[in-house]
Amino acid sequence: MRRITIIAAILAFTVMSALTSANAGEQKKFVYLPQNLNNPFYTTIADTFAADYAKEGHLFTPLDPNNDQAVQISLMEDAIAQGVSAIFVTPVTSDGIISG
């Protein structure tokens, strides 16, 4: 579990550093869409991101598609419509998330 926390922290810090250095002082909105939030791996990532982004004054929202590809895509479309700064996705299926 410690390894997962370290990996999540490194990823969160890397992304946060890149985004905040471009527009320092501006509050960002981030969304995390894992496969589900029942898995300790994904909840650890969500908790780590939430803590790191809160320290910097940013908003972070984990959303749970509950292993439903259609729900995950709908949540992603909603987040895009709301103008979030970044969306972190762990696809429910590899067929469900495509570029474009």
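This is a predicted model: local features need pLDDT of at least 70, side-chain atom pairs count only at pLDDT 80 or more; totals for chains, interfaces and linings use all residues.
Let's start with histidine 58. You will find histidine 58 in a loop, with helix H2 (40-55) on one side and strand E2 (59-62) on the other. Its relative accessibility is 9%, and because buried means under 20%, histidine 58 counts as buried. The side chain of histidine 58 reaches the backbone nitrogen of lysine 28, at 2.9 Å. Lysine 29 also belongs in this picture: 29 residues separate lysine 29 from histidine 58 along the chain, while their C-alpha atoms are 6.1 Å apart.

Lysine 28 leads us on to the salt bridge. How many salt bridges does a search of the whole structure find? The search finds one. Its partners are glutamate 26 and lysine 28, whose closest N and O atoms are 3.8 Å apart. In general, side chains of opposite charge can pair when their charged atoms come close. Here glutamate 26 is partly exposed, whereas lysine 28 is buried.

The accessibility values for these residues are gathered here:

| Residue | Relative accessibility | Class |
|---|---|---|
| Glutamate 26 | 42% | partly exposed |
| Lysine 28 | 7% | buried |
| Histidine 58 | 9% | buried |

Notes: Residues are numbered from 1 along each chain as its sequence is written. Side-chain values use heavy atoms; hydrogens and water are left out. Helices (H or I, at least four residues) and strands (E, at least two) are DSSP runs, numbered from the N terminus. Buried means under 20% relative accessible area, exposed over 50%, partly exposed in between (1.4 Å probe, protein chains only). A polar contact is a pair of N or O atoms within 3.5 Å; within protein, one must be able to donate a hydrogen and the other to accept it, and residues adjacent in sequence count only if both atoms are side-chain atoms. A salt bridge is a side-chain nitrogen of Lys or Arg within 4 Å of a carboxyl oxygen of Asp or Glu.
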